[in-house]
Amino acid sequence: MRQRRIAAYLFFSGMLAVPAAWGQQPTPYGFVPERELVTLTRDMPMDQALRVIQVIAGQVIVDTQHLTAPIGVDIDRAPWRQALQLIAESKGLQVAERENYFELLPPGKAAEMVKPPEVTLDSQEVTISAIFFQADRRALRDYGIDWSTLSGGRVDVNAAHRGASQVIGDQFAVEARGNVNRSLSVDVLLRTFEEKNIGEITARPQIKVRSGKTGYIQVGADFSVTTSDFAGNAITQFFSTGTILTVTPLIISQEEVKFVDLSVVAERSALLDPERNLISKTVARTSALLRDGEQTAIGGLYGEESSAARTGVPLLKDIPAWFFGLRYLFGYNSKQMTKTELVVVIKVDIVPSVRERIEQMLEKERSLEEILKEREQQRGP
């Protein structure tokens, strides 16, 4: 009876543990996200292997020995931390984890491991709000929008060739020709483009990231590729496509003023040929110093969209093909390619630390107690 209870307990415990692994891959090291797995062959040069791990981990790895010899060990779908440890052990090195990077050192010179600072009540977070706006590339060029001038939620517009000729407040008319050179609100600008069917906001993701950590946003899809490893075993690898945003905010305080050092990697990719696994990719990397509540923008992520349409005589162009072939006389199919530009607008908001939130809550409670005491005193005995 006791054995049945133990078996039932293990069965239901396993069922409860399954949802936690959704979206992750089983490995000898447990469930790990697919994008954190590394596969390397023993003949890969040391410097190349470390660069692969750097890209996957998003961490800087310093090799004090500057080795270029083969790593000498086969790594099959291992988490990047374990892969780095295996490579270091094969070379007789040790991995020292610093605050912002990893370092490979000889055993005799290996310094004491420096662990990342633990989370405290004073740890701070940054809310990253992004707007993915896609518009016709020619239209954005005609209206002369300079995204590098984005400041205070406004951007400069210089429609010298074609564009807005009537500016009333923050709105402008796009039908006429003329010259406009002024600063406009980004929100109003994007809303106007949507109303005129020139562009659209495809996503408004928002994440909260701890200072010094990396946040990841993807609007798109993953596709899988099955290959064989050195032993002939089938390996399925997943690749991410779409609009991918990787952000690393770092809060800096100087002279009692807090600002954010923001590192951004924006990627726009699409699968061109599933058979040959060809991916079209545009990547932009940048960093910016932003005040609390300030915005920055990344433009120039170009792409192409195709649309099919059938034109011709109304009703007659849609006659079935089997009806004497008349549909081919009264209409034709056309394919149109449109060049688009994706603009990513990013806003940072510093979130008060847990200690600051507690102090604010206590201050409100004190104020409430003082108000109640004043009212009691006014009422008298």
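Guide: Helices (H or I, at least four residues) and strands (E, at least two) are DSSP runs, numbered from the N terminus. This is a predicted model, where local features need pLDDT of at least 70, side-chain atom pairs count only at pLDDT 80 or more, and totals for chains, interfaces and linings use all residues. Residues are numbered from 1 along each chain as its sequence is written, and side-chain values use heavy atoms, with hydrogens and water left out.

Visitor: How far does helix H2 reach from its first C-alpha to its last?

Guide: The expected span is 1.5 Å times one less than the number of residues. H2 runs over residues 46-57, twelve in total, and reaches 16 Å, close to the 16 Å expected. Next comes Gly 58, with a positive phi near 70°.

Visitor: Which residues of H2 are buried?

Guide: Buried means under 20% relative accessible area. Here that's Met 46, Ala 49, Leu 50, Ile 53 and Ala 57. They sit on the same side of H2, because they cover an arc of only 100° around the axis (using directions from the axis to the C-beta atoms).

Visitor: What do the buried residues of H2 pack against?

Guide: Strands S3 (37-40), S4 (60-63) and S7 (101-105), plus helix H3 (80-90).

Visitor: Where is Gln 124 found?

Guide: In the loop between S7 and strand S8 (125-136). Gln 124 is buried too, at 12% relative accessible area. Contact means heavy atoms within 4.5 Å; beyond four places in sequence, Gln 124 touches residues including Arg 210, Lys 258 and Glu 356.

Visitor: Which element has the lowest mean pLDDT?

Guide: pLDDT is the predictor's confidence in each residue, from 0 to 100. Strand S11 (residues 166-168) is lowest at 36, while strand S15 (residues 206-210) is highest at 91.

Conventions. Buried means under 20% relative accessible area, exposed over 50%, partly exposed in between (1.4 Å probe, protein chains only).
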